[in-house]
Structure formats: C-alpha cells, structure tokens
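Hi,

Here is the structure I promised to pass on. Have a look at it first, and my notes follow below.

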Amino acid sequence: MTQVINEEQLDYCDVLIKPKRSTLNSRKEPNVYRKYTFKWSNRTIEGNGLTVANMATTGTFEMAKVFQYNKMFCCLQKHYSFDSLYEFFTENNLSAKTLDGHICGNDYVFLSTGINTEDVNKTKRVLDTGLCKNLCIDIANGYIPKLLEAVSLFRKEYPDIIIMVGNVVTGDMVQDLILAGADLVKCGIGPGANCTTRKQTGVGRPQLSTVLDCAEAAHAVGGYICADGGITCYGDIAKAYGAGADFVMVGSLVAGTDEAEGDIIEKVYRTNEYDCYIETEERVVDGFTLIDEISVPDKPKYETKKFKLAYGMSSKYAQDKHWNGMANYRTSEGIVTLKEYVGPVQNIIDDYLGSLRSTMTYINCTKLKDFPKVTTFYKVRRILNNDGKGIL
Ligand code: 5GP
C-alpha cells in the first residue's frame, strides 16, 4: 500500500535563522574553524567545512590548492588520469601549506571515485602510492547494495583513509553507510543547481529536512555528514550548519571562478540605453537668439558579460564529454548553464567567511561546532525583501 509521509519537508528557502541575545561584540570573535575527528580513520583535521564538489568544472587541482590554503576541502573530479593525480599528490604532499603556515600535505584533498571496476582499479593505484589520504566514493543513487560493499572493501584495505560516500537523503541509509566504514556521508538527491533528477525521476527530498534527519542519524553513530547541493547564497550554508551539517559541498557557487575548468565565454548584450550626440537648435525669444543643446539618441549601448560553462555530471553534455556518450539505458539528469565569471575563488571564500562570522554573531555562536546547538529556525513564506541585487 502506498504511503504518504505527512511531516512537512523543508528547503533552505523555507526558513530563516532566529537572532539571539549575543555575548559577541564583533564579527572578529567567532571561530570559523573547528577540529574534525573522523570515526574510522581516526585522523583529526582542523578546518572549515566548505567543500568543493567533485564536478568536472569545479573539482580541479587549482581549486583544491586555494581551498586547502584556507583550511577547506576539495573533492577532485573523477576524470584526472593516474599520471596527473600522481604528479599532483606528490608535489602537493611536499609543498602544500595553509594560511597559518602549517604544512598540510594532502589533508584537505579527496580523491573521487565511482564503483565500477575501471574507477576502482585507478583509485587503488592512487591509494597504493600512500600519497592520497582521503577518498570520496560518489554515485548518484547511494541506496544500491554495491555501494555498501565498496565502502566495506575500501575500509578494510585502507583503514587509515578518510572515506566520504554518497548520496542519500535518509537517516537509516546514512547509518548503514557509516557502520559499513564511511567517516562521512554526502547527503542530497536532486537539490543541485545543474541537476534535473527530481524532474526526471520524481525522486528527492528538500535539503533542509535531509540535513536535519541525516545529521542526527550520523552523529548518533559517531559519523559526519556533508550537505551536498542546493546552496544558492551564503545564508544557505549557515542554515545547513544550523541544521547539523558538518561539511557543506558547493558546485555552482564556485563554478564561475578562475580556478574552475573551462575558458571564459564573452557574450555581448544590447542594453536599453543609447549613446547620444548633441544637436543645437536656435530659437529667438524677445529678440534674443537662444541656442538649445538637445541630446539625441544615436547608437544603442552594448555591454559585454563574461561567463563560464557549468554542467551537471549526469547531463548529456557531461556524458558525451567524459564517458563517450550516454548509454541507451540512461537518461540525462543534469543541465548545462552559464555562470557569471567572478574572478578568483578567494574572493568567494573571503565573502563566505565574512557572512559566516556575521551569522555566528547574530546567533551567539562562538564556535563553528556549536552551530546546531544555538540555531532556531523560523518557518517562513518568503526570505528576500527584494531580488537581493542592487545596482552596485
Ligand atoms: P550545487 O552546489 O551546484 O547546487 O550542487 C552541486 C551538487 O550537485 C554536486 O555535488 C552533485 O551532488 C550534484 N550534481 C552535479 N551534477 C549533477 C547532475 O548532473 N545530476 C544530479 N542529479 N546531480 C548533480
């Protein structure tokens, strides 16, 4: 018999965070970093939970370098060859430093893999070098039994690596994956900006409810979660932390940066404004000749906007580009979009940290880890009082 769950399911746009009386006087005071100790690998890393998605456009070596400098995480895209991964991990292991001068090696970088034989073989080759310490096992449907098997096998063969795995949206499966050997579980089906899974399959769950449910389940068995997808603004990241997320994965937020894959695409748009020229007109008033200057619209003004291409990893575009075309038993579950070019990703990181400090000051949150303890959500109908955009 078909069941309907009546409990309301919420997204980031359905809530706002309630401000609280604060002991913090300045945005400089909250600590935006915390220590993460991972259940199975038992390693401890200090960092901030912002994590780059392993999409082909965002999970680049260049992105990983900036994120690790900021003590933040990056899941590399799956399509790097063994040779380029080996070269990156070797060099990074020797030279990578964080902003406080700490030599971090490959601590903040995740190798990404699927679970087909080819992926697993390449992944094992990389892990066997001993250079790479973190693994993200990533498949769209985290409910298939083969994923649990893959997690157990990797855990058995590589007891010290941090294993992230996904994607799921329910607490029961989060616990199964952690108990099988995952340190953290990636949660989210369908919220991504370039994702059409909800439309194509009818499957999914609003992201705030996913995070609330999955975080509670993960923490109950000593694991972590990574809220994956659907971040439209910095406020959404704060809401994810408030709902219990330990890590927050972003794709489109960083897809328009220098460090994202792909060339800058320039497009020229006609605006509503015109270049004008001045005409003079003479008129005689009371015997005096007056000269009026009249501004006459001439050519329309054009403006050039810069973009980078962003595409869902299940889109036909991605499958053509990275997997030699779409298998006939599959459908496209992603789209291709243009992201406005925004320059270096460091600008986004700085802006994000400023926003996070501000949220923490509003809710009296001195430590990143305490976010869920001090968060109360208002359920709302509308979160913006305008479109969020000014002219400057
Ligand atoms: P964003 O931050 O762009 O909203 O979401 C990023 C996340 O979207 C990724 O980490 C991944 O989980 C998901 N994603 C990326 N590409 C696709 C796709 O083609 N289809 C689906 N269903 N999800 C995608």
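Let me start with H2, whose buried residues are Phe82, Leu85, Phe88, Phe89 and Asn92. Here buried means under 20% relative accessible area, exposed means over 50%, and partly exposed is in between, with a 1.4 Å probe and protein chains only. Those residues sit on the same side of H2 because they cover an arc of only 130 degrees around the axis, the arc being that of the directions from the helix axis to the C-beta atoms.

Before going on, some ground rules: this is a predicted model, where local features need pLDDT of at least 70, side-chain atom pairs count only at pLDDT 80 or more, and totals for chains, interfaces and linings use all residues. Residues are numbered from 1 along each chain as its sequence is written, and side-chain values use heavy atoms, with hydrogens and water left out.

Back to H2: the face turned away from the buried side carries the exposed residues Asp83, Glu87 and Leu94. The buried residues of H2 pack against helix H1 (61-69), strand S6 (109-113) and helix H3 (117-128); contact means heavy atoms within 4.5 Å. H2 itself runs over residues 82-95, 14 residues in total, and reaches 20 Å from its first C-alpha to its last, close to the 20 Å expected at 1.5 Å a residue (1.5 Å times one less than the number of residues). Helices (H or I, at least four residues) and strands (E, at least two) are DSSP runs, numbered from the N terminus.

**H1 against H10**

H1 also packs with helix H10 (residues 345-362), at an angle of about 35 degrees and with the axes 10 Å apart. Axes are lines fitted to C-alpha atoms, for helices over the stretch in contact, and angles run from 0 to 180 degrees between N-to-C directions. On the H1 side Met63, Val66, Phe67 and Tyr69 meet Val345, Gln346 and Ile349 of H10. The residues of that contact divide into 6 nonpolar, 1 polar and no charged (Ala, Val, Leu, Ile, Met, Phe, Trp, Tyr, Cys and Pro count as nonpolar, Asp, Glu, Lys and Arg as charged, and the others, Gly among them, as polar).

H10 also holds Thr359, which is buried at a relative accessible area of 16%. Leaving out residues up to four places away in sequence, Thr359 touches Ile17, Ala238 and Phe371.

**The whole protein**

The protein has 11 helices and 15 strands, and 47% of its 392 residues count as buried.

Cheers
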